Amino acid sequence: QKVTAMLIPRHYEKFPNLLKESLSAMKALLKSTKDDVRLEVYRGLAQMYHSDSKAILKLILAGLTDSEISSSVSDIINRKLQSEAEFKNEFAALLPTEKPEIQTRMFEMISSQSFTEDTVSQLIEILTAALKSNNCIKDGLKLYEKNKKLLNEEQSKPIFDDLVNNLETAMNENLQKATSDILLMVLPFTKTLGDERTKKILELIQNTVLPNFAKLETSTQISILQKLSDISHLVDDESMVTVLYNNAFLPLIPAEGEINSPLVESILWAFYKLAKKYPRVASESIGLLLVFTGQPGEGDDLDPNDEKKNKFKARLTNASTVAAAEVEKIVEQIKQLKETKEEKTEEENPPDLRELKIQKRVYNNIQHFCRILQASNPLEANPPATPSWRPPAPKNKSKKGGRNDRRRSNDRRQDKRRSDSKYDRSSRRDDRRSHHEDSRDDRYYERRRYDDDRRSSSRYDDRRRSSRYDDYDDRRERSRSYRHSSRR
């Protein structure tokens with residue numbers, strides 16, 4: 001069987017009338033139970049590719065699901081991708097039609113290839129195919145970020161417009177599937193998509209997702225609210241505040257009992273940021289004036305609503321009470337964990353210190369929001385430093401008025417620039433020090449020469465000094481005799 005798989009690709013061109021029989025024989029050999037026979041068949045099919053490109057490529061791609069030889073089949077495909085542009089185009093064209101597990105492997109291989117200005121058309125075809133496949137959207141957006149310098153706005157705009165349109169269509173058909181398969185993949189790349197398309201996604205969240213928020217899983221709800229908090233500055237419709245309050249704040253923050261802390265924190269962050277942008281709408285939703293600017297007649301047209309106000313405050317009070325109790329427990333757990341860190345614990349999976357600190361940040365943020373939202377002028381107060389889903393703000397350990405060169409930012413380029421400037425300052429400091437030493441040596445030798453000159457003329461200086469003292473004594477004697485004569 002192995003010899004047959006080797007001989008057919010060598011001699012099939014001499015027998016063009018037997019091409020179908022040759023392919024049928026190769027397909028039959030793929031059913032062999034021996035790994036080396038199947039691998040030799042895939043190598044032979046790669047040699048026979050030009051005889052029937054589409055059919056043979058599908059046979060080769062099926063080898064990616066063969067767990068025993070899938071890595072070897074991947075090597076065969078990678079060699080063809082690097083050597084033949086026609087194979088790469090056909091490979092990209094089949095990407096949207098294959099099975100999900102094959103799609104993922106295909107995109108991993110094709111995204112590892114390098115693209116140039118001459119292969120921009122291939123890159124566009126690959127991105128278009130990837131963003132149409134739900135399993136490759138995230139990898140497709142990463143590939144775009146890697147090669148975005150090769151594409152201008154006119155080339156990337158239709159690709160992203162189709163992605164957003166596909167998201168809208170999928171939401172109308174099946175909201176839960178579209179949210180988990182497409183929306184959650186797209187949300188981390190809103191900066192890549194641009195403000196215009198991000199605003200359209202926000203409209204979909206407002207009009208389609210939030211009204212059906214209870215149908216989604218809790219993890220999906222948290223992810224959407226966290227992203228909504230991060231991009232709240234792009235919200236143009238003030239009714240987003242009302243929709244969020246009615247469909248997330250009221251039903252998901254209980255007035256009594258236990259709370260889902262990550263969910264409550266993300267709701268409070270999103271509501272606070274939107275309320276700060278549209279305070280009037282937020283005040284009408286909760287029945288309480290949120291901000292006072294000191295203007296005369298402010299809030300006169302706001303109808304007080306005790307029922308809305310009581311619902312709002314009841315949820316904040318309950319969340320604050322639960323958060324305070326949980327913080328005390330976590331503090332005690334952290335204390336015990338530090339005491340028994342070096343000792344062996346009886347628990348199989350003891351709580352991680354990092355996880356406990358994150359939980360503590362979550363509950364502290366909830367307490368912070370509950371405190372300021374119940375204050376007299378809540379939107380003028382400072383919110384928590386950072387959300388729990390982001391790294392904590394760096395602590396400034398430098399002296400007052402000094403510069404902390406060891407601080408880190410979220411931008412690696414800023415860190416590189418800061419480190420370069422630090423080294424530049426140190427090099428300039430060394431230059432100044434060496435210049436100072438040189439000038440100090442010059443001054444030393446100049447002083448030595450000056451002293452030598454003075455020593456050489458010391459006799460003259462002594463004469464001048466003695467004559468000066470003699471003149472002083474004469475003047476003093478004359479003045480004394482003058483005063484004495486004047487008294488007489």
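These legends walk through several close-up views of the predicted model shown above. Because it is a predicted model, local features need pLDDT of at least 70 and side-chain atom pairs count only at pLDDT 80 or more, while totals for chains, interfaces and linings use all residues. Residues are numbered from 1 along each chain as its sequence is written, and side-chain values use heavy atoms, with hydrogens and water left out.

**View 1. A salt bridge joins R197 and D161.** The structure holds 13 salt bridges, each being a side-chain nitrogen of Lys or Arg within 4 Å of a carboxyl oxygen of Asp or Glu. Here the closest N and O atoms of R197 and D161 are 3.3 Å apart. R197 sits in helix α13 (residues 195–209) and D161 in helix α10 (residues 153–173), so the pair ties together parts that are 36 residues apart in sequence. Helices are DSSP runs of H or I with at least four residues, numbered from the N terminus. R197 is buried at 8% relative accessibility, whereas D161 is partly exposed at 22%. For these words, buried means under 20% relative accessible area, exposed over 50%, and partly exposed in between (1.4 Å probe, protein chains only). Look around this pair, too: E153, K157, D161 and R197 are linked in a network of salt bridges.

**View 2. D181 and K177 pair up within helix α11.** Their closest N and O atoms are 3.0 Å apart, forming a salt bridge. Both residues belong to helix α11 (residues 175–186), and they are 4 residues apart, about one turn of the helix. D181 is partly exposed, with 25% relative accessibility, and K177 is also partly exposed, at 44%.

**View 3. R390 reaches D230 through a salt bridge.** The closest N and O atoms lie 2.9 Å apart. R390 is in the loop between α19 (353–373) and α20 (412–456), and D230 is in helix α14, so this contact ties together parts that are 160 residues apart in sequence. With a relative accessible area of 40%, R390 counts as partly exposed.

**View 4. Five acidic residues make a negative surface patch.** Its members are E168, E203, D237, E238 and E284. Patch residues have over 30% relative accessible area and no salt bridge, and like charges are joined within 9 Å. Asp and Glu count as negative, and the place of each charge is taken as CG of Asp or CD of Glu. D237 belongs to the loop between α14 (218–230) and α15 (239–252), and it is partly exposed at 35% relative accessibility.

View 5. R38 is 25 residues from G63 in sequence, and their C-alpha atoms are 8.8 Å apart.

**View 6. Cysteines C136 and C370 are buried.** C136 has a relative accessible area of 0%, and C370 has 1%. How many disulfides are there, taking a disulfide as a pair of cysteine sulfur atoms within 2.5 Å? The count comes to 0.

Methods. Patch = residues over 30% accessible without salt bridge, like charges linked within 9 Å, V, L, I, M, F, W, Y side chains within 5 Å. Areas by Shrake-Rupley, 256 points an atom, 1.4 Å probe, with all protein chains shown as cover. Helix = DSSP H or I, 4+ residues; strand = E, 2+ residues; numbered from the N terminus. Disulfide = S-S within 2.5 Å.
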